[in-house]
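Take a look at the structure below.

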Amino acid sequence: MRVSTSLIYTQSLRNMLQQQSEVIRTQQQLATGKQNLVPSDDPSTASRILDLNDALNKIGQYEENANFAVQRLGVEESILGSVENLLQRVRELTIQAGNLATLDPVSKVAIADEIRELNNELFNLVNTRDVNGEYLFSGYQTGTQPFTIDASGNYVYNGDQGQLELQIGENRKILTNDSGADVFQLIRNGNGSFITDNNIANTGNGVISTGSVLNPSAFLSDDYTIRFTSATTYEVDNNTTGAVNIIGAQAYTDGGSISFDGLEVSISGTPAVGDSFTVNASRNQSIMTTLRDLSSAITGTTSSPAGNAQYIQSIASALNNIDRGMENIIEVRTRVGARLNSIDAQRDDNDARKLQFTSVKSDIEDLDFAEAISRLTFQSTALQASQQTFARVQDLSLFDFI
Amino acid sequence: MSGLKAFQSALNTTSHNIANVQTDGYSRQRVELDTRPPQQFGNIFIGQGVGVTDVQRIIDEFVTANIREFSSSFNRLEMMETFASRLENLIADENGSLLPALDDFFNAASDVANDPSSPAPRVTLIAAAENLQARFTSLSTEMQNLDQEVDRRIQFEVADINAITTEIARINDNIERISSTDNEPADLLDKRDQLLQQLSEKVSVTVVEQTDGIINVLVGSGQLLVTGAITNQLSAVVDPNNTDRLGIQLVSNSGSVNITSSISGGSLGGLLDFRDNVLTDTQNSLGRTAIALAETFNSQHRDGYDLNGNLGTDFFSVSAPQVLGATTNNPATGTPTAVISDVTALTISDYRADFVGGNYTITRLSDNAVVAGPAVGPVFANVDGVDFDFTGIGAVAGDSFIFRPTRQGAESFRTLITDVNDIAAASPIRGVDTTANIGDVTISNETVTDVTDANLLNTVTVTFNTPANTFDVFDVTGAALLAGGVAYTDGMTISFNGWSATLNGSPQPGDVLTIEENTGAATDNRNALFFADLSNQQFIGGNTASYEQSYSAMTANVGAVTQQIKINRDVEESMLNASVAERESISGVNLDEEAANLIRFQQAYQASARVVQTAQTIFQTLLDAT
């Protein structure tokens, strides 16, 4: 083919420029460590990298959220631990207090004092604040002290039942607190279904047992009175419905079981005529109220057969309520532990996904250095060859010979 | 003697070729020699030497035409590539891209959910929202700058085209005056071919040659740009339909014609292609992301309750769709309006409404599909998520309007919330289980279903009757019985006053549950949790893409378009180079060849000179002999 002189120049020059731009591109790849420099190098990979970045960013945020959750739950867990220990101690003291035979009045006062002190400590624990000065147990109302004592000495809950939920995984949320109401206040007293007590005006020394629900489907959650019409006969009224004598004139045996409406209790000792016992549906009672009632019961009763019966009844009732309280605390603690476990599991999951995404991203984004360096060497050599050829070809001219 | 003259011409032409070895567009020339007609002496013919018949330029018209065609294609793609690469770098830049700002914003929303009562994460959220606004603003500003630069370049290109066509017309005139049928002025033809090639680099043209050597140049769909010595000028003026952009008009004696849509090829065609397709789509896509983000976030924020005890207000604002009336519309015709009714259905297309024969027709410009009408307005509701409203604008036949639902989304994106207390992280209502309840019954999952309900924040009690298998719902604030004797089932959902809630457990007569305004709930994050979750939801493009995916898809689109442009440009470039090489092979000057010719003609010249010398010697001998 016929070649024009200017074509020799322009074509060699174009080749050199082309090779130079390839060398520069490889250099840029090496400098950034990336296979693709702009999206148009590989548009689908570019958008996958952006999506992976987004997924990684979200996982990072989930990790941060999980840290928050662990921190909050950790604080709650340690407070609940203290409360559990405290209640354990109260339980021991209550059992001591129940042992009337070996108890002298001084010890009774000491036990009551200690329980009162423990109740104060409990009051402080339920009103714990976190590092930001916010109350742990007032639900969403973290600026409000959850428990206060009103003018008549009752414990009042001022918070709400809000639970702060945090997103710790794409489809995983975790509760990070429990409200004071749910932990300390909404506790069914008695055996959880009903609570028994003797009338304060009783003159006999009859004591009513805690009892239990025998037939849940027949159980009504109503309030009843067991009245002794003589020392050996009793009748039962339903106070909720107002029905009298739902059981009429039964013979009393010491320790014998009394059952009606699906529940069973027993009365032991010697009740007197006119004595009565109550079987009420369980109410919510805060642990602080239980402890307050207990300490006043220990020192408040007189030493007489009826007074002793009162005392034993109060201690038994308090023990029941403490057990209900501990059950609830343990249940909440278990839930907190379960949540912490879920967070750990979710963190492992997040870590695994993070690792997977990072490695996929690295696969499609990162430069193969060995390949790039050998390519650079090759391209430099090719460029050099073009330059040398150019110089050589330009030397050739017929004019040099004429 | 004829040899001397002939070879002198040949030597001159060789030297002309050598002198123009580096001249663009120059075609090598060759002297055409021909034996002169012999002279008859009796029975014999005696040769009369050689004559120069023509100085011919060596060209191939087909190759020249190919070069023009490939120049147009290549320059179009080259111009598009220049701008598309800039757009690509703009939106893919790791720091300038929207994605880090989006990530920061939703991370900040997540941090508010982590610690709703603390001011620090709220301050961060507002700062992140302002940063998001800044990012939208700067991206849209940069795109507008590209738009304006395209318009400026269009003006330059049009000026260049006019200068070139004027020059072509002038040369046409010269050629007409000096050329004859046999002899053409080679250098002038080269010059004109060169100008035609320069013109085709600017815009794709058709060249029609007349028999007298004059050419006509046509542009677009056959509009005359040059005819003989007359030029019709192009002019870059406001496009009558898209009144914020430049269009191209052809100005001739018979008036002006808008030929914007028929311009193709060359750098001018590339500029228009880039602007009307790549840039517009990208601006609309970014705008759609901004609008979807603003509307969906606002909707969630309005469902919330802030630290001041108020329902949430709009967090962001974006402007309503842009509507442009054509400059050719009847002056009395008003401007219609449009509102976005469903962000999930929005496309990135613009729309045109034409009023013909008393009916409106709405055309989606991306695929030229008629999406509504022809029908009588006044309102076309929910066409691709947009309500078009022509109420009372008094259009007459021929009026048309361009609707751009998403174009200004990014530039108009503003953060409205400035006070940390105005962030509505909480839910407006809460359920309360009364401590004194005997039964074990709870209310939960309090959810706002209609935040516009005027009674939403009223205190409402659920009180169980005797027996407890029914309950009454009483609005305490409004002192109204909402429902009486509702049958109770465990796990049932109740809905009143714009909220719904779930009831669980076994109630006893007289048990009370309460729904009330959520005052003082500083640590409630129920609404903030939804904020962070919005970034996982796919709202955009018919519920197929999240905010992030919408942006990364836009990046990938621009990348793919740029990649396609680059590939095609490289193809066209190699075709162009091949054609140029072919032209050079035919018409280019080779110095070695010219050196050889120089020697050849020099020898012939010397030989001819020697003949003269010999003749002189013979003549002298004759003289001496006498």
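**A helix in chain B**

The buried residues of H10(B) pack against helix H1 (2–19) of chain B. They are Glu594(B), Leu598(B), Phe601(B) and Ser608(B). Buried means that 20 or more other C-beta atoms, placed from the backbone, lie within 10 Å of the residue's own. Helices (H or I, at least four residues) and strands (E, at least two) are DSSP runs, numbered from the N terminus.

This is a predicted model: local features need pLDDT of at least 70, side-chain atom pairs count only at pLDDT 80 or more, and totals for chains, interfaces and linings use all residues. Residues are numbered from 1 along each chain as its sequence is written, while chains are lettered from A and ligands numbered from 1 in the order in which they are written.

Chain A has seven helices and 13 strands. Its radius of gyration, taken over C-alpha atoms, is 41 Å. Along its principal axes, the C-alpha trace of chain A spans about 155 × 45 × 35 Å. Of the 402 residues of chain A, 33% count as buried.

Now the interface. 49 residues of chain A are in contact with 55 residues of chain B; contact requires C-beta atoms, placed from the backbone, within 7 Å. On the side of chain A that touches chain B, H2(A) gives the most, with 12 residues.

Technical notes
Contact = placed C-beta atoms within 7 Å. Buried ≥ 20, exposed ≤ 12 C-beta atoms within 10 Å, placed from the backbone. Rg over C-alpha atoms; globule rule 2.2 N^0.38 Å.
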